[in-house]
Amino acid sequence: MGTIHVIGLGPGNIEHLTLESYRLMKNAPLVYVRTTKHPLIEDLIQEGIAIEGFDYLYENADTFEEIYHKIADILVEKAQLEQKIVFAVPGHPLFAEKTVEILLKVLDNRQDEGNIEIHSSMSFLDVVITSLRIDPINGLKMLNAVSLETNPPDPGIGNIITQVYDRYVASDVKLVCLEIYDDEQEIYVLSGSGIKNREKIEKIPLYQLDRIEWIDYLTTVYIPPVQKPKLEHINTLISVMEQLRSPTGCSWDKEQTHDSLKRYLIEEAYEVIDAIERNNPDDLIEELGDLLLQIIFHCQIAKEESLFDLKDVVKGINQKLINRHPHIFNKDKKIDKSWEELKKTEKGFQYQYEIMEAVPKSLPSLYLAEKIQKKAAEVGFDWNNPLPALDKIVEESIELKEAMEELNDEEMTKEMGDLLFSVVNVSRLLHIDPEEALHKTVDKFIRRFKFIEESLAGKGTSPKESDLETMDSLWELSKEKKS
């Protein structure tokens, strides 16, 4: 098998060609090019270089990936018949050139069958940064317009978006970028960079990107670093937290640790629940933001300690959701395990008690008791109906009374725990949330006590100045009024 020489045609002027590339093409009987839609092709033909393009493959293919694989296969087939193949691509062979990437993989899989040589050249990036007069050392990210959703721009640095082929692609680019940047974000649109009498460059606001009529296959978009970040972007929150924890940041934020933040995490979670129960969307937005801040806070602390960061947290939960929903994400795979069985396998647990021990003991006691009971029920340790469990409440009440008569503090604590556990069990079997039920009772108690206090105040007195019999009478009255 012969050698495939892959050379770059550079940005578009014949002066951009390296001498090596020029000689390779000049001495070759035929030069294959991915596309003849390149400003240099006419100059090469005038130089007497025979050109054959693969443009015909674009007519019937469904995807660009399909075209690139076909080109790679054709080149390998031709190299099996000839000693030397010259294949030319726009720009630099290794800059955003998928055909060369695929060709390298194909030949790597056939290690003993062929050889490939890459000949460097000036890339479009060289002329783009010259046209923009920017220094990439300050941070520059290169992106492909067709894969922008999976690899979005970074607003903290400059972004060059290549292969903005037409206004349809430009529209897609705009929509993705508007999720990150403001409508009025200043951008630069370039076409034919470095090509004499053809180069165009225009500075416009982002929202006008797909309104430019002269966008073509040589178009590139540059988005400068953002001085004022978009407030709704998660990267902005990460950046703000980094700044708060920096040496010049907030003294309180810098002092916090995972342990010191535990109470705030719990408080914010309860405030979210409170906003949900009050059915207040504005408050819910605020409280979810406060809860999210706690997550970002912990991730930043861990990042500073080189333990993990937000990406690891997101990766972990994505992996967990995909693994535990094979019926959604892996439909071809036979599913023979439930969610809990998948979780048990994932955690490496052999026994059910290990799952119980893994339930966080920091949960509110009623929720903790309910979760432990559910874990026992999963393996059949449960009542068939609530009535036997209700009898257990009576039994535990008697045992508590006996402990009270003996004035045994340790036994009273133990029996009180047993009684509460039995109450939770009945609540669970009745499909009643014990935490919610108790909350409602607390609210009802406050309403009735308010009635007592207001009634006494109307008579010029107060609870402290009244006897229990009077207040109990008012309590019964409040019940009649359904307070």
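Lys392 counts as partly exposed, at 31% relative accessibility, where partly exposed lies between buried (under 20% relative accessible area) and exposed (over 50%), found with a 1.4 Å probe and protein chains only. Helices (H or I, at least four residues) and strands (E, at least two) are DSSP runs, numbered from the N terminus.

This is a predicted model, in which local features need pLDDT of at least 70 and side-chain atom pairs count only at pLDDT 80 or more, while totals for chains, interfaces and linings use all residues. Residues are numbered from 1 along each chain as its sequence is written, and side-chain values use heavy atoms, with hydrogens and water left out.

**Salt bridges**

Side chains of opposite charge can pair when their charged atoms come close. The count of salt bridges in the model comes to 18.

| Pair | Closest N and O atoms |
|---|---|
| Glu476 and Lys479 | 3.6 Å |
| Lys203 and Glu186 | 3.6 Å |

Glu476 and Lys479 both belong to helix 19 (residues 468-480), where they stand three residues apart, about one turn of the helix. Glu476 is partly exposed, with a relative accessible area of 36%, and Lys479 also counts as partly exposed, at 36% relative accessibility. The salt bridge between Lys203 and Glu186, with its closest N and O atoms 3.6 Å apart, links distant parts of the chain: Lys203 is in strand 9 (residues 200-205) and Glu186 in strand 8 (residues 186-191), 17 residues apart. Glu186 is partly exposed, at a relative accessible area of 37%.

**The nonpolar interior**

A nonpolar core is a set of buried Ala, Val, Leu, Ile, Met, Phe, Trp, Tyr and Cys residues joined through side-chain atoms within 4.5 Å. The largest such core has 23 residues, and those with the most contacts inside it are Ile4, Val6, Phe54, Ile71, Leu75, Phe87 and Leu103. Two or more residues are given to this core by each of strand 1 (3-8), helix 3 (64-79), strand 4 (84-89) and helix 4 (98-109). Helix 3 provides the largest share, eight residues. When neighbours within four places in sequence are left aside, Ile71 is in contact (heavy atoms within 4.5 Å) with Arg34, Phe54, Leu57, Phe87 and Thr99. Apart from this core lies another, of 22 residues, among them Ala145, Ile161, Val173 and Cys177.

Helix 6 (residues 167-177) has as its buried residues Val169, Ala170, Val173, Lys174, Val176 and Cys177. Seen down the axis of helix 6, these residues fall within an arc of 165 degrees, so they line one face of the helix; the arc is that of the directions from the helix axis to the C-beta atoms. The buried residues of helix 6 pack against strand 7 (158-162) and strand 10 (219-223). On the other side of helix 6, Tyr168 and Leu175 are exposed.

**A contact across the sequence**

Ile234 is placed in helix 7 (residues 234-244) and is partly exposed, with a relative accessible area of 36%. Not counting residues up to four places away in sequence, Ile234 touches Leu292, Ile296 and Leu310. The C-alpha atoms of Ile234 and Leu292 are separated by 10.0 Å, although the two residues are 58 residues apart along the chain.

**Two loop residues**

Gln163 has a positive phi of about 55 degrees although it is not a glycine. Gln163 is found in the loop between strand 7 and helix 6 and counts as buried, at 18% relative accessibility. Asn279, which is not a glycine either, has a positive phi of about 55 degrees. Asn279 is placed in the loop between helix 9 (262-277) and helix 10 (281-304), and Asn279 is exposed, with a relative accessible area of 66%.

Note on methods. Salt bridge = Lys/Arg side-chain N within 4 Å of Asp/Glu carboxyl O.
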